[in-house]
Amino acid sequence: MTSAPAPAPGATGAGPGAGPRQRFSVALCTFEGSAHLEPQLASLAAQARLPDELVACDDRSSDGTAEILRAFARRAPFPVRVEVNETRLGTTKNFEKAIGLCTGDLIATCDQDDVWLPEKLALVEEAFARDPRLGLVFTDADIVDGSLRPMGYRLWDAIHFDGRARREVLRGRGFDVLLRQWLVTGATMAFRSEYRSLLLPIPACWVHDAWIAFLLGAVSSLGFVERPTVRYRQHPGQQVGARKFTLGELISAGRAMGPAYFGINHERIRVARDRLLATSRWVVDPGDLALVDRKLAHQARRLA
């Protein structure tokens, strides 16, 4: 573990009118990330509202990634904890570990290959402060190539988060949207740490951001910031991206779906339903549980 000195008092305060200040943690996961990690770390240090801590978990990289993290910890204007896993965990379990080590009231998940815009944490913190019902806040992002050149569209364009879907989220029906489509990208999201006992552990069949958004959509309100706060890098080495697909590509992808695809989706809904039924601390709307049951039955029919 490596830690940097704490910032001077007041150096990381929230903006005017943002309400009581909460501690903000950033959970960063890395693996063979040396090619793009330095700009991301620099963007964390350039936040108008600095993090109160960075927890960085490296999944046994062999390219010097851990050394880059340790060097950053020595100069960062906020505490940095660097953990190198004893064995390789994979992306989902690595994020589970990083989230579990965070000590803040709010936790933002962070990818190794993006660049955060300076107002990201301030805007997200203000959204939480305005509405205590929000369990999770996410934002839009500028899509850029491997060299950070704009690709001419934004994340919400790629995932079709249109006006109708936004109005549903604003009306408190974000869970309905989540049952239909991918909505929240880990690079743009933050959530309240009080929900960790519901969220952890993260099942292996889910990706961390989709799991967190799905469960929090069922037990809390979702909020969003209609501004890009991240330069979301698209490059061949990334695990998940946000490329815009043509109609022909979408049709081809649909035809390629088979038992494996339907099986994993059925399993994801099943384990999410089990976790929601097991919660006692947070109230799950019976209507939302009914929607999950319908989704599970639908996935079972597709699998059959």
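Mentor: A pocket is an open set of grid points with protein on both sides within 12 Å along at least five of seven lines, and its lining residues have an atom within 4 Å of a point. Keep in mind that this is a predicted model.

Trainee: Which element gives the largest share of the lining of the second largest pocket?

Mentor: The lining includes Ala127, Arg130, Val169, Leu170, Ser221, Leu222, Gly223 and Phe224. Three elements, α4 (120-130), α6 (163-170) and β9, each supply at least two lining residues. The largest share is four residues, and it comes from β9.

Trainee: How many residues of that second largest pocket's lining are nonpolar, by class?

Mentor: About 180 Å³ of space lies in this pocket. Asp131 and Arg133 are among the lining residues, and Asp and Arg count as charged. By class there are three charged residues, three polar ones, and the nonpolar ones number six.

Trainee: Is the pair of Phe138 and Phe224 stacked, edge-to-face or tilted?

Mentor: The structure holds twelve aromatic pairs. In this one the ring centres are 6.0 Å apart and the planes meet at 50°. Planes under 30 degrees apart count as stacked and over 60 as edge-to-face. An angle of 50° therefore makes the pair tilted.

Trainee: Is Phe224 buried or exposed?

Mentor: Buried means under 20% relative accessible area. Phe224 has 14%, so Phe224 is buried.

Trainee: Which residues form one aromatic cluster with Phe138 and Phe224?

Mentor: Phe138 and Phe224 already pair with each other, as a tilted pair. The cluster takes in two further names, Trp156 and Phe161.

Trainee: Which residue lies over the face of Phe161?

Mentor: For Arg, the test uses CZ, which must be within 6 Å of the ring centre. Here the distance is 5.6 Å from the ring centre, and the residue is Arg166.

Trainee: Where does Lys120 place its charged end?

Mentor: The charged end of Lys120 is 4.0 Å from a ring centre. The ring it sits over belongs to Trp116.

Trainee: What is the phi of His160?

Mentor: Most residues other than glycine have a negative phi. His160 lies in the loop between α5 (155-159) and α6. At 54% relative accessibility, His160 counts as exposed. Although not a glycine, His160 has a positive phi of about 60°.

Trainee: And what is the phi of Glu32?

Mentor: Glu32 lies in the loop between β1 and α1 (37-45). At 30% relative accessibility, Glu32 counts as partly exposed. Glu32 is not a glycine, yet its phi is positive, about 50°.

Trainee: Which residue does a cis peptide bond join to Leu200?

Mentor: Most peptide bonds are trans. This cis bond has an omega of about 0°.

Definitions and conventions:
Residues are numbered from 1 along each chain as its sequence is written. This is a predicted model: local features need pLDDT of at least 70, side-chain atom pairs count only at pLDDT 80 or more; totals for chains, interfaces and linings use all residues. Side-chain values use heavy atoms; hydrogens and water are left out. Rings of Phe, Tyr and Trp (its six-membered ring) pair if their centres lie within 6.5 Å; planes under 30 degrees apart count as stacked, over 60 as edge-to-face and the rest as tilted. Buried means under 20% relative accessible area, exposed over 50%, partly exposed in between (1.4 Å probe, protein chains only). A charge sits over a ring if NZ of Lys or CZ of Arg is within 6 Å of the ring centre and within 35 degrees of the ring normal. On a 1 Å grid over the protein atoms alone, a cavity is a set of points where a 1.4 Å probe fits but cannot get out, and a pocket is an open set with protein on both sides within 12 Å along at least five of seven lines; lining residues have an atom within 4 Å of a point. Grid points are joined across faces, edges and corners, and a volume is the space filled by probe spheres set on the points.
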